[in-house]
Amino acid sequence: MRINSNLWNRVRYAFWAPIYNLVAWPMQRMRRRAVTLANVQPGERVLIVGAGTGLDLDLLPRGALITATDLTPAMLAKLRRRAERLGASVDARVMDGQALEFPDGSFDVVLLHFIVTVIPDPVRCAREAARVLRPGGRAVILDKFAPDEGATPLWLSLLNPPASLLATNVNRRLGPIIAGSGLRITREEPLAFRGFFKVALAQKD
Ligand SMILES: C[S@@+](CC[C@H](N)C(=O)[O-])C[C@H]1O[C@@H](n2cnc3c(N)ncnc32)[C@H](O)[C@@H]1O
């Protein structure tokens, strides 16, 4: 089985699903900042790609029209239960973030939280996010990245083989993922570990 594949993602995230919220909870402060940057208004159509167990749902305003997609049924099952507990109406669908089954321009906002470092082809994922956004729509990318400039730091090169086997790549760069996607980064903020975790707000022109 190839590690950088949808098949492996489904297997490993089915394993992570029962404990994902515990592991991801320390990132909630960063998530809050990302959702603040998205500035979602009631009535706006929001797509969460690779939505996982739905930790973003707590932070989105009631009245937002939320669609959540993920490749792993076990993660989405948790998301559906979370939505129910929160009383949030969410259209949750199993879907590949590299081939979104929505027409062009379907959404006002797309959230890409901790997905472009997990999905096999992040460039395709960013292009798809741009395609389904309306002109003027915005995307928020929250993740951990190697610096755009210079050589990849040694610690990331050493950490990447076990990290990418178990959960996520740690050596991807934001710039090349977004370049040519149809998205333009309008704001970028370091969040933790000297900018290893960062958030970017992007716009579809
Ligand atoms: C690190 S988790 C992030 C979950 C969520 N976005 C969050 O912020 O907590 C990565 C998620 O990406 C999903 N995933 C992996 N490959 C995918 C693909 N090709 N399309 C959609 N989702 C995918 C996994 O099932 C998992 O739920």
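View 1. A nitrogen atom of the ligand is 2.8 Å from an N or O atom in the side chain of N6. The model shown here, and in every view below, is predicted. Taken alone, the ligand exposes 590 Å². The protein buries 98% of that area.

**View 2. T72 and D96 also reach the ligand with their side chains.** For T72, an N or O atom of the side chain is 2.5 Å from an oxygen atom of the ligand. For D96, a side-chain N or O atom is 2.9 Å from a nitrogen atom of the ligand.

**View 3. Residues surround the ligand.** How many residues surround the ligand? The count is 21. Look for Y20, G50, D70, T72 and H113, which are the closest.

**View 4. The largest pocket of the predicted model.** This pocket has a volume of about 700 Å³. Its lining is made up of 40 residues. Find Y13, Y20, F114, V118 and T168, which lie nearest the centre of the pocket.

**View 5. Helices and a strand contribute to the pocket lining.** Which elements give two or more residues to the lining of the largest pocket? They are α1 (6-16), α2 (20-24), β1 (45-49) and α6 (154-166). Of the elements, α1 gives the most, with 4 residues.

**View 6. The pocket lining, sorted by class.** Nonpolar residues number 25 in the lining of the largest pocket. Polar residues number 10. Charged residues number 5.

**View 7. Strands β6 and β7 pair side by side.** β6 covers residues 183-192, and β7 covers residues 197-204. In which sense do strands β6 and β7 pair, parallel or antiparallel? They pair in the antiparallel sense, over 8 bridges.

**View 8. The turn between β6 and β7.** The two strands form a hairpin, with 4 residues between them. F193 sits in the turn. Its phi is positive, at about 50°.

Technical notes: Residues are numbered from 1 along each chain as its sequence is written. This is a predicted model: local features need pLDDT of at least 70, side-chain atom pairs count only at pLDDT 80 or more; totals for chains, interfaces and linings use all residues. Side-chain values use heavy atoms; hydrogens and water are left out. On a 1 Å grid over the protein atoms alone, a cavity is a set of points where a 1.4 Å probe fits but cannot get out, and a pocket is an open set with protein on both sides within 12 Å along at least five of seven lines; lining residues have an atom within 4 Å of a point. Grid points are joined across faces, edges and corners, and a volume is the space filled by probe spheres set on the points. Ala, Val, Leu, Ile, Met, Phe, Trp, Tyr, Cys and Pro count as nonpolar, Asp, Glu, Lys and Arg as charged, and the others, Gly among them, as polar. Two strands pair if DSSP finds at least two bridges between them. A residue is near a molecule or strand if one of its heavy atoms lies within 4 Å of it. A polar contact is a pair of N or O atoms within 3.5 Å; within protein, one must be able to donate a hydrogen and the other to accept it, and residues adjacent in sequence count only if both atoms are side-chain atoms. Accessible areas come from the Shrake-Rupley method with a 1.4 Å probe; for residues, only the protein chains shown count as cover.
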